[in-house]
Each structure stands twice: as C-alpha cells, then as structure tokens.
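Reader: Hi, I'm new to this one. Can you put it up and walk me through it?

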Amino acid sequence: MKYLFTLSSLLIAMLFSNAVWAADDWRLSSAGYGPLQPGMTAKQAESLLGSKLITASEGPPGSACTLMAVGQGHAGVTLMLQHGRITHIEANSPGIPTKSGVAVGDSSAKLKRLFGKQLEIEVHKYDEKGF
C-alpha cells in the first residue's frame, strides 16, 4: 500500500510539474525564460506558458523565421522561431526580470552597481547615441 501511494504521488507530481510555475520563476536567464528553452517547439512553449502564441511577424520568404508574441500572461515576451524551434527569447517591455535582477528600462547606474567591472558598455549597433 505504501508503495502504491508513493508511486501515485510521484506520477501526480510529474504530470503537474510543468503546469504550475510561480510568477518569480518566469525570469530571463542565459538558459531561457522560466522553463522555456531554446530548441523547444511552439507547441511545447504554448503548453508551458498556458497561452497561445501569436505571429508578430514573418521573416523574408524562405527564411523559415517567425517572431511570436505570447497571447496572455507574459506581455512583452517575444520568441523567435526558426524551422519551428525557439532560437531566441526577448523581453521588450519593462518589468520582465532576469535572474540577475535587471529588467528592460533599468538605468545604466543600476547595471553598473549590480555587475561592476564585469559590465562592458559599447555603442549600440544601430543607434550611436544609445547603448
């Protein structure tokens, strides 16, 4: 009986392990965004996000590149898919945190305070006045 209870508890935990993610778990990192990782399919992303992905823009014909926005619950997160798999995860709105504690809109002073000499500041590729 004890074995059956342990096995059923384990199965339930496995079934719901991807279904519930606390808000603070949805942070950007070099590994992805919360449980989302590069290499996943759109269907896998939708399952983890609990929301449909919406096509934001298509790449040039033949590029097999699509930008997808999350329908609900993760405003400001955009996924780039190439050949049907996530290759890039982007935050483009304030308030989406990283695991290191920064977000879009934070000041360069905050970045300097957090990262110190590890931070390298360079001119933006497309905007010489920004970085």
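Author: One term before we start. Helices and strands here are DSSP runs, numbered from the N terminus. Also, this is a predicted model.

Reader: Got it. So where does His 74 lie?

Author: His 74 sits in a loop, between β4 (65-70) and β5 (77-82).

Reader: Is His 74 buried or exposed?

Author: Buried. Its relative accessible area is 9%, and the cut-off for buried is under 20%. So His 74 counts as buried, although a loop holds it.

Reader: What does His 74 touch?

Author: Trp 26, Tyr 33 and Leu 49, if you skip residues up to four places away in sequence. With Tyr 33 there is a polar contact between the side chains, at 2.8 Å.

Reader: Let's zoom out. How many helices and strands does the protein have?

Author: Three helices and six strands. Starting at the N terminus, the order of elements is α-β-β-α-β-β-β-β-α.

Reader: And what order do the strands take in the open sheet?

Author: β3-β4-β5-β6. That is four strands, with antiparallel pairing.

Reader: Which strands stand at the edges?

Author: β3 (53-58) and β6 (85-91). Each has a single partner strand, so one side of each lacks a neighbour in the sheet.

Reader: By how many degrees are neighbouring strands turned against each other?

Author: On average 30 degrees, ignoring direction.

Reader: What lies across the sheet strands β3, β4, β5 and β6?

Author: Helix α2, residues 42-49. It runs at about 135 degrees to β3.

Reader: Back to β5 and β6. How many bridges do they pair over?

Author: Six, in the antiparallel sense. Gln 82 has Arg 85 as its bridge partner in β6, and Leu 81 has Ile 86.

Reader: What's between the strands of that hairpin?

Author: Two residues. One to look at is His 83, in the loop between β5 and β6. Its phi is near 55 degrees, a positive value in a residue other than glycine.

Reader: Why point that out?

Author: Because most residues other than glycine have a negative phi.

Reader: Is His 83 buried or exposed?

Author: Exposed, at 68% relative accessible area. His 74 is buried, at 9%.

Reader: New topic. Which residues touch the most other members in the largest nonpolar core?

Author: Tyr 33, Leu 36, Leu 49, Leu 79, Ile 86 and Ile 89. The core has 17 residues. At least two residues come from each of α2, β4, β5 and β6.

Reader: What does Leu 79 touch?

Author: Quite a list. Leaving out residues up to four places away, it includes Leu 36, Ala 45, Leu 53 and Leu 67.

Reader: How much of the protein counts as buried?

Author: 21% of its 131 residues. The accessible surface comes to about 9400 Å², with 59% of that belonging to carbon and sulfur atoms.

Reader: Now for Glu 58. Where does that lie?

Author: In strand β3. Glu 58 is exposed, with a relative accessible area of 57%. Apart from neighbours within four places, Glu 58 is in contact with Cys 65 and Thr 66.

Reader: Last one: Lys 99. Where is that, and what is it in contact with?

Author: Lys 99 is in the loop between β6 and α3 (108-115). Setting aside neighbours within four places, Lys 99 is in contact with Arg 27, Leu 28 and Ser 29. Lys 99 counts as exposed, at 52% relative accessibility.

Reader: And how many residues apart are Lys 99 and Asp 25 along the chain?

Author: 74, yet their C-alpha atoms are separated by 8.9 Å.

Key. Residues are numbered from 1 along each chain as its sequence is written. This is a predicted model: local features need pLDDT of at least 70, side-chain atom pairs count only at pLDDT 80 or more; totals for chains, interfaces and linings use all residues. Side-chain values use heavy atoms; hydrogens and water are left out. Buried means under 20% relative accessible area, exposed over 50%, partly exposed in between (1.4 Å probe, protein chains only). A polar contact is a pair of N or O atoms within 3.5 Å; within protein, one must be able to donate a hydrogen and the other to accept it, and residues adjacent in sequence count only if both atoms are side-chain atoms. Contact means heavy atoms within 4.5 Å. Two strands pair if DSSP finds at least two bridges between them. Axes are lines fitted to C-alpha atoms, for helices over the stretch in contact, and angles run from 0 to 180 degrees between N-to-C directions. A nonpolar core is a set of buried Ala, Val, Leu, Ile, Met, Phe, Trp, Tyr and Cys residues joined through side-chain atoms within 4.5 Å. Accessible areas come from the Shrake-Rupley method with a 1.4 Å probe; for residues, only the protein chains shown count as cover.
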